[in-house]
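I opened the model and made notes as I went. Chain contacts came up first, then the fold of one partner.

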Amino acid sequence: MADATHTPRKRVMPRVNGSAVVMGLYLLFLLLPIYWLLTMSLKTNTEILGAFTLWPHNITFDNYTTILTDPSWYTGYLNSMTYVVLNMLISLAVALPAAYAFSRYSFMGDKHLFFWLLTNRMAPPAVFALPFFQLYSSIGLFDTHIAVALAHALFNVPLAVWILEGFMRGVPKEIDETAYIDGYSFPRFFVKIFTPLVASGIGVTAFFLFMFSWVELLLSRTLTSVDAKPIAATMTRTVGASGIDWGVLAAAGVLTILPGALVIYFVRNYIAKGFALGRV
Amino acid sequence: MNKTVNQKAWFLILPVLVLVAFSAVIPLMTVVNYSVQDTFGNNQFFWAGLEWFETMLASDRMWAALGRQIAFSTIILMIEIPLGIFVALNMPKKGFWASFCLVLMSLPLLIPWNVVGTIWQIFGRVDIGLLGYTMNAIGIDYNYTQDFYAAWITVIVMDVWHWTSLVALLAYAGLQSIPDAYYQAAKIDQAGRWKVFRFIELPKIMGVLMIAILLRFMDSFMIYTEPFVVTGGGPGNSTTFLSIDLVKMALGQFDLGPAAAFSIMYYLVILLVSYVFYTVMTNLDKRDGH
Amino acid sequence: MAKITLQNLAHSYLPNPTREEDYALKSMNHDWVDGEAYALLGSSGCGKSTLLNIISGLLHPSEGRILFDDKDVTMAPTTQRNIAQVFQFPVVYDTMTVRDNLAFPLRNRGSDPAYIKERVQQIAAMIGMEDTLDRKARGLTADAKQKISLGRGMVREDVNALLFDEPLTVIDPHMKWELRTQLKSLHHEFGHTMIYVTHDQTEALTFADKVVVMYDGRVVQMGTPQQLFETPEHTFVGYFIGSPGMNVLDAEVSGDTAVIAGTQIALGKGFGTLTGKVELGVRPEFTSLKSGDVGLPVTIKRVEDVGRHKIVRTDFEGHEINVIAGEGESISPDMNRVVFDPAGVNIYSDSWRVSPQAT
């Protein structure tokens with residue numbers, strides 16, 4: 001029996017061992033294939049095809065050097081980044097006013113319009129592969145960054161509108177009204193007052209726009225051939241010819257993971273909030 | 001918020017409308033066009049009516065692809081949803097470890113889909129892949145390029161690896177929004193862990209779960225790149241899902257008519273399912289008072 | 001039902017507290033008598049929710065012990081303490097019916113179904129919700145849900161204490177009165193030990209047999225509403241209770257006279273010589289306005305007619321002194337003195353009340 005003296009006692013903390021084990025196993029499951037890719041990128045082809053090793057015995061950065069110095073490789077990255085950024089800009093530019101309208105006004109056909117927009121997010125890219133190919137060829141935009149950016153916009157814009165509308169709903173209408181009373185014109189109000197208020201929403205949207213455009217392969221490969229060839233297409237090129245250059249392929253893969261990792265790291269504090277809106 | 005009625009809002013919607021209409025309506029019209037026409041080449045088309053639709057509906061190939069697709073989507077949903085919830089329940093709630101887990105968990109979601117395929121293609125190989133090599137080292141005959149079961153298991157595990165985090169993150173966000181008082185009340189009511197889950201956590205994350213299920217079902221129904229990179233649809237056509245089959249038909253064989261008819265039916269199925277989900281979700285929202 | 005004892009109880013949220021400010025709850029020894037209704041009153045941040053959570057077991061104190069009927073439960077989890085707690089916002093299990101909500105704690109213990117059914121019926125009658133028993137809890141009003149929370153707490157017959165953490169916060173004003181009345185009658189009928197946390201003095205004074213006033217992590221007074229009113233043990237109790245609260249003025253006291261800014265005031269009781277910060281406290285109800293040269297010189301700033309009485313706000317050298325006058329009394333501008341009734345005067349040293357010496 002403890003005595004009733006005035007001695008501070010350490011609080012007994014509940015141990016979270018079970019959860020730690022579960023998370024540890026899950027994270028291990030997620031990281032193991034990535035680790036494997038990483039080690040492969042640091043091995044020479046001889047080591048890869050030779051005896052099986054769990055980690056690179058002769059670390060080499062040659063694979064990375066190849067990619068960073070060979071234009072046919074690094075332009076792939078540049079092309080991908082270009083159309084992803086283009087897509088983000090276009091999508092945000094058109095989605096912001098639309099989301100604003102959906103959040104503040106009711107108008108003829110608004111609910112049906114919103115649903116129709118969402119259905120485009122649900123559209124299977126495969127259905128659009130051939131039509132897009134023909135469409136963009138016919139207007140002379142085949143093999144351009146803008147073509148891919150526009151094609152991705154079909155799926156990204158509804159997503160952007162959906163997420164932004166959710167954030168904008170949280171900004172009270174009274175702020176708009178006060179601004180008008182204060183003499184702001186609509187464009188000025190939108191840029192100077194409204195946008196800063198939904199800044200975190202724009203950040204979350206940009207994250208998801210990046211995510212869906214950066215990862216997509218089918219359309220980005222269908223609509224390009226040489227000039228705007230994304231890294232995904234370049235990687236699939238290494239299959240064939242005189243066997244597969246595994247080391248370089250792995251290095252290319254690792255390099256595509258980097259932008260994603262960086263983006264996540266920068267928005268890590270908002271990830272939970274973004275998903276909290278439940279609108280992905 | 002009470003929305004004001006204002007038809008001028010259409011002007012704000014116009015850019016979106018134009019962009020999406022351009023991207024969606026025009027190609028769809030092309031597809032519809034192709035689906036009701038036939039050609040002997042030389043860009044000469046003639047009306048074929050519903051012939052392609054009938055052919056498609058009668059085609060074993062399409063039904064086989066549909067069957068594989070439904071099987072695939074069902075299996076991965078049955079794994080990813082419970083697993084995602086389970087992971088979310090075990091994630092740290094705040095602090096350094098929470099950020100750490102969030103960042104690492106999000107990683108697979110941002111890897112280009114072809115690289116996802118490449119990672120698993122390598123990982124599963126018997127000669128150079130950790131998984132393949134280990135499997136054979138412990139005596140399991142594993143070869144995804146030749147064996148039907150191995151191919152399916154690889155593709156499924158890959159999808160689970162790729163997307164479970166999405167479900168987990170959504171569920172996690174839902175769980176974060178539950179006020180502490182509910183857990184405290186449950187303690188006072190002497191409720192066990194399972195009851196806490198069933199009566200407090202599950203009802204409160206139902207909304208986000210519906211979204212997760214909808215998204216995963218939709219996206220898995222349209223899956224193309226990852227399985228294509230790993231198995232190419234093989235061995236044979238055992239992992240040829242709907243999108244892979246469609247692309248083969250449209251871009252590979254340039255069978256425009258059947259491909260178009262296929263596309264339309266494909267799209268309609270997805271529309272139907274998403275309409276159902278959307279209605280369920282908005283009703284859930286209404287019930288919760290949003 | 002149980003007697004609750006706090007022994008040298010203190011709590012700090014910091015891992016290594018050194019100074020007094022590090023403690024959210026400063027060391028206290030108190031008994032809560034079995035079967036009494038207590039109100040735990042104080043402003044936000046004074047530690048009342050912390051204390052409540054320590055009693056319920058949702059928080060383990062960093063120092064000291066807490067006993068239920070002389071059994072040490074300091075480290076016992078909530079599930080073992082057999083208490084019920086009603087929170088600030090209604091906590092109900094939305095997916096269950098009212099009946100299932102009420103039955104939940106009993107089902108978790110594996111009680112006999114026939115017994116559960118009977119008990120649920122009893123409790124539903126008590127809270128007046130018999131006709132909504134089979135409705136889903138989700139769509140009900142806030143006060144109905146709080147009643148369900150209350151009922152769920154009382155459904156266990158051997159519950160040691162009922163704890164309420166500002167339960168009427170989300171209730172509409174006109175329902176607050178009804179719920180309070182119901183709580184009081186439940187207390188009379190069943191005699192549970194009840195501890196009701198609030199920052200609203202009206203709620204506290206009307207609900208409780210004894211009011212426990214907390215300030216800055218300390219219990220400054222535990223007493224009946226009358227005791228709190230007539231002899232506040234701490235200047236804070238004086239401020240907080242009463243509307244307006246007690247007037248507190250710096251004073252020098254020796255023997256049976258107090259001197260406030262040069263004016264002498266007869267106290268009628270001896271206090272000896274006092275050190276530290278000495279203050280004189282007197283409630284507006286024990287003051288009156290006079291003209292002439294006896295009493296403190298004041299200027300009248302405002303007269304507020306509240307209906308059954310008037311509140312006169314006066315200014316004394318930069319300090320506000322409030323006087324309560326009857327509704328029939330006339331206040332004339334030449335009233336420039338405030339006189340205190342010695343029966344209502346309290347002397348404080350370092351904010352704590354000094355008892356008058358026996359004469």
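**Where C meets B**

I looked up the contact between the two chains: 18 residues of chain C touch twelve residues of chain B, with contact meaning C-beta atoms, placed from the backbone, within 7 Å. On the chain C side, α2 (78-81), β6 (83-86) and α3 (98-108) each give two or more residues. I sorted that side by class and got ten nonpolar, five polar and three charged residues. Nonpolar covers Ala, Val, Leu, Ile, Met, Phe, Trp, Tyr, Cys and Pro; charged covers Asp, Glu, Lys and Arg; the others, Gly among them, are polar.

**Ground rules**

This is a predicted model: local features need pLDDT of at least 70, side-chain atom pairs count only at pLDDT 80 or more, and totals for chains, interfaces and linings use all residues. Residues are numbered from 1 along each chain as its sequence is written, chains are lettered from A and ligands numbered from 1 in the order in which they are written.

**Chain B**

I counted twelve helices and three strands in chain B, taken as DSSP runs numbered from the N terminus (helices H or I, at least four residues; strands E, at least two). The C-alpha trace of chain B spans about 75 × 70 × 30 Å along its principal axes. Of contacts in chain B between residues at least 6 apart in sequence, 70% join residues at least 24 apart.

**α3 against α9**

The contact between α3(B) and α9(B) includes Phe72(B) and Ile76(B) from α3(B), and Ile213(B) and Phe217(B) from α9(B). Its residues divide into eight nonpolar, four polar and two charged.
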